[in-house]
Number of protein chains: 2
Amino acid sequence: MRLFKEVAIVGPGLIGGSIALALKRKKIALRVIAVSRHKKTISLARKLKAIDAGSRDLSAVRNADLIVLAVPVKTILKIADDLRGLLRRDCIVIDVGSSKDKVVSKLQRMFPFYVGAHPLAGSQKQGIQNARAEMFKDSLCVLTPTAKTKQVALDKVSRMWEMLGARVVSLAPKEHDRILAMVSHLPHCVSFALMASVPKGDLKYASSGLRDTTRIAGSDAGLWADIFLTNRRNMLKAIAAFRKELGSVEKSIRGNNRSFLMKRLTRAGGKRRLLTGGGAG
Amino acid sequence: MRLFKEVAIVGPGLIGGSIALALKRKKIALRVIAVSRHKKTISLARKLKAIDAGSRDLSAVRNADLIVLAVPVKTILKIADDLRGLLRRDCIVIDVGSSKDKVVSKLQRMFPFYVGAHPLAGSQKQGIQNARAEMFKDSLCVLTPTAKTKQVALDKVSRMWEMLGARVVSLAPKEHDRILAMVSHLPHCVSFALMASVPKGDLKYASSGLRDTTRIAGSDAGLWADIFLTNRRNMLKAIAAFRKELGSVEKSIRGNNRSFLMKRLTRAGGKRRLLTGGGAG
């Protein structure tokens, strides 16, 4: 079912490109265009039939009834300023950034039909060459409406994510950032630090334990630097909570306290068994 | 090719069971028996054709020309005492424990044909029901010979692991423990602590990032408590190295220092790209 006449994807990378592909394939949009700084990205997006047209010029968004900002969080904040005056007054604007409070605060003041979104999908792989129309199937998409959010925009955006295969839930922006700091941003931070702490010469003895725990350390550094810095307070709290747990384990190793160590490890294992199903991200 | 007449697997779980299956299927041993405290494990091992016979009595090892100790590290140390006087004088003894220095020191004094081994394979899944004859295919097996190790035993044990599909390398026990603390024991410790630090109520928002980083937090708690405690000094050093890295990332987040943060994350990503191929564990 067609929800939009023309969708403009700003940043047709892994996520933006997957949205474009899905909108075209499922005929949710009549026309999909993309704005990218990179000529190569645009030509690849066209070749993959993710878009009908592309431009390096932001003013190409002028006819869109939906604009999707699929660039790193700090770039979203910057591009919002550049978009001012370029888009139709009734244009729905969404972003797909991983931290929401800063972005929502700014964009809802600028764009009357703005809705914050965070699809919990993706991969450490980057770029439109890894995009898939089925990226959001069976994943969770968090929307972050506020009192200012227009119901008509929220309904249409919810509908779109459902048509893309996602289960849609709503969280207040601050709540989103607190939770995501724990379940996504902290694991990334820990994974980066773990990878950095293993001496290069020892890596040839690594097996799946290290490989799995550090898969997401292969994620885009700039993207994650932005997420950490735009969710700074929650990140620092999450790191503190993790440090405390690590300290307990460390203390029980230092003190040769097997029963206390067993208690910590068993408790972690029990929680791990609650973690099943759901999407990537 | 037949290397052994009768192999006794003490602890036919995930690793012991996989060795048993592979020895039978590839006809590396004429006969494989198992010793387990659990009747159910023995009957399942027989049903899976991993063993010819099983017993709950350790004295069943008396005819073996190879004994494989595939129990947690602290149990290896205990069972070694119980084995004294039960085995043939020319019997080769190996263990498959994940920390080696304590085990090798003790067992090489007790058993003249002892060789320490650590197959870098496995999974967070436990028990003979998850055993596979192909478990060691394309994996790395670290042997930890010392000046005391008999060449004839080392050759035969190397041969066996190669026939099981593993690439065999040798490390001194202390060197093994230092390296494995970094590439395996630390990731497990970090994974357990990460899982413990995420509030239960937030888990429904988790996606593949948390799932992958905490897969190994589902590992056997007792097994890992033993590994951490028998490799205590190296563990404490590894945790300290990790803490330092985490501290650098944390500091750059606190200080809003994007360029320093980028440097840390990019460096970790570069290292991650060196990590490819190899076995599980």
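Reader: What makes strand 1 of chain B, residues 4-10, largely enclosed by the rest of the structure?

Author: First, a caveat: this is a predicted model. A residue is buried if 20 or more other C-beta atoms lie within 10 Å of its own. In strand 1 of chain B, 5 of the 7 residues are buried, so the strand is largely enclosed.

Reader: How do you know that strand 1 of chain B and strand 2 of chain B pair?

Author: Two strands pair if DSSP finds at least two bridges between them. Strand 1 and strand 2 (residues 29-35) of chain B have 6 bridges, in the parallel sense. Take Ala8(B): its bridge partner in strand 2 of chain B is Ile33(B).

Reader: What joins strand 1 of chain B to strand 4 of chain B?

Author: Bridges again. There are 4 between strand 1 and strand 4 (residues 66-69) of chain B, and the two run parallel. The cut-off for pairing is at least two bridges. In strand 4 of chain B, Leu69(B) is the bridge partner of Val10(B).

Reader: How do you know that the same surface serves both copies?

Author: Of the contact residues of chain B, 100% recur in chain A. The contact takes 74 residues from chain B and 74 residues from chain A.

Reader: Which helix of chain B gives the most to the side that touches chain A?

Author: Helix 6 of chain B, with 16 residues. Helices 7, 8, 9 and 10 of chain B each supply at least two residues as well. By class, this side of chain B has 42 nonpolar, 17 polar and 15 charged residues.

Reader: How do you know that domain 1 of chain A touches domain 2 of chain A?

Author: Residues are in contact if their C-beta atoms lie within 7 Å. Here 14 residues of domain 1 of chain A are in contact with 17 residues of domain 2 of chain A. On the domain 1 side, helix 3 (73-83) and helix 4 (101-110) of chain A give two or more residues. That side divides into 4 nonpolar, 6 polar and 4 charged residues.

Definitions and conventions
Residues are numbered from 1 along each chain as its sequence is written. Chains are lettered from A and ligands numbered from 1 in the order in which they are written. This is a predicted model: local features need pLDDT of at least 70, side-chain atom pairs count only at pLDDT 80 or more; totals for chains, interfaces and linings use all residues. Two residues are in contact if their C-beta atoms, placed from the backbone, lie within 7 Å. A residue is buried if 20 or more other C-beta atoms lie within 10 Å of its own, exposed if 12 or fewer, and partly exposed in between; C-beta atoms are placed from the backbone. Ala, Val, Leu, Ile, Met, Phe, Trp, Tyr, Cys and Pro count as nonpolar, Asp, Glu, Lys and Arg as charged, and the others, Gly among them, as polar.
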